[in-house]
Amino acid sequence: MFIFGGIFPTTYICVKPCKIDNEGLFESIIPIEDSVVREVTLVLREWGNIWKQLYVVRANICFT
């Protein structure tokens, strides 16, 4: 296990395996994980933003 220094506790940091393309100035880091996991993560992040916007709009309508 790696020990990181910084503002985040080590219990919140997880180093995932990745593949590095074009090492050097313009390198690309590609995570090595299942494509289904990546897709679900992206969808949940997108939905999280949408639900937050709907909640803020609804809260403004209810309390004004």
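Predicted model: local features only at pLDDT ≥ 70, side-chain atom pairs only at ≥ 80, totals over all residues.
Biologist: Noted. What percentage of the residues count as buried?

Modeller: The figure is 0% of the 64 residues. Buried here requires under 20% relative accessible area.

Biologist: OK, on to the fold. In what order do the elements run from the N terminus?

Modeller: The order is β-β-α, with one helix and two strands in the chain.

Biologist: How do the two strands pair, and over how many bridges?

Modeller: β1, residues 18-21, and β2, residues 28-31, pair in the antiparallel sense over four bridges. As one example of who faces whom, K19 stands opposite I30 in β2.

Biologist: And how many residues sit between the strands of that hairpin?

Modeller: Six residues lie between β1 and β2. One to look at is N22, in the loop between the two strands. N22 has a positive phi of about 55° although it is not a glycine.

Biologist: Is N22 buried or exposed?

Modeller: N22 counts as exposed, because its relative accessibility is 57% and the cut-off for exposed is over 50%.

Biologist: Switching to charges: how many salt bridges does the count come to?

Modeller: The count comes to one salt bridge. The side chains of K16 and E33 meet there, at 3.3 Å from N to O.

Biologist: Which parts of the chain does that pair tie together?

Modeller: K16 lies in the segment before β1 and E33 in the loop between β2 and α1, so the pair links parts that are 17 residues apart in sequence. E33 counts as partly exposed, because its relative accessibility is 28%.

Biologist: Last topic, the nonpolar side. Which residues form the nonpolar patch on the surface?

Modeller: The patch is made of V36, V40, L44, W47, I50, W51 and L54. Together they have about 750 Å² of accessible area.

Biologist: Let me pick L44 from that list. Where does L44 lie?

Modeller: L44 is in helix α1, which covers residues 35-62.

Biologist: And is L44 buried or exposed?

Modeller: L44 counts as exposed, because its relative accessibility is 52%, and over 50% is what exposed calls for.

Conventions:
Residues numbered from 1 in each chain as written. Heavy atoms only, no water. Pairing = 2+ DSSP bridges. Patch = residues over 30% accessible without salt bridge, like charges linked within 9 Å, V, L, I, M, F, W, Y side chains within 5 Å. Areas by Shrake-Rupley, 256 points an atom, 1.4 Å probe, with all protein chains shown as cover. Salt bridge = Lys/Arg side-chain N within 4 Å of Asp/Glu carboxyl O. Buried < 20%, exposed > 50% of the residue type's maximum accessible area, 1.4 Å probe, protein only.
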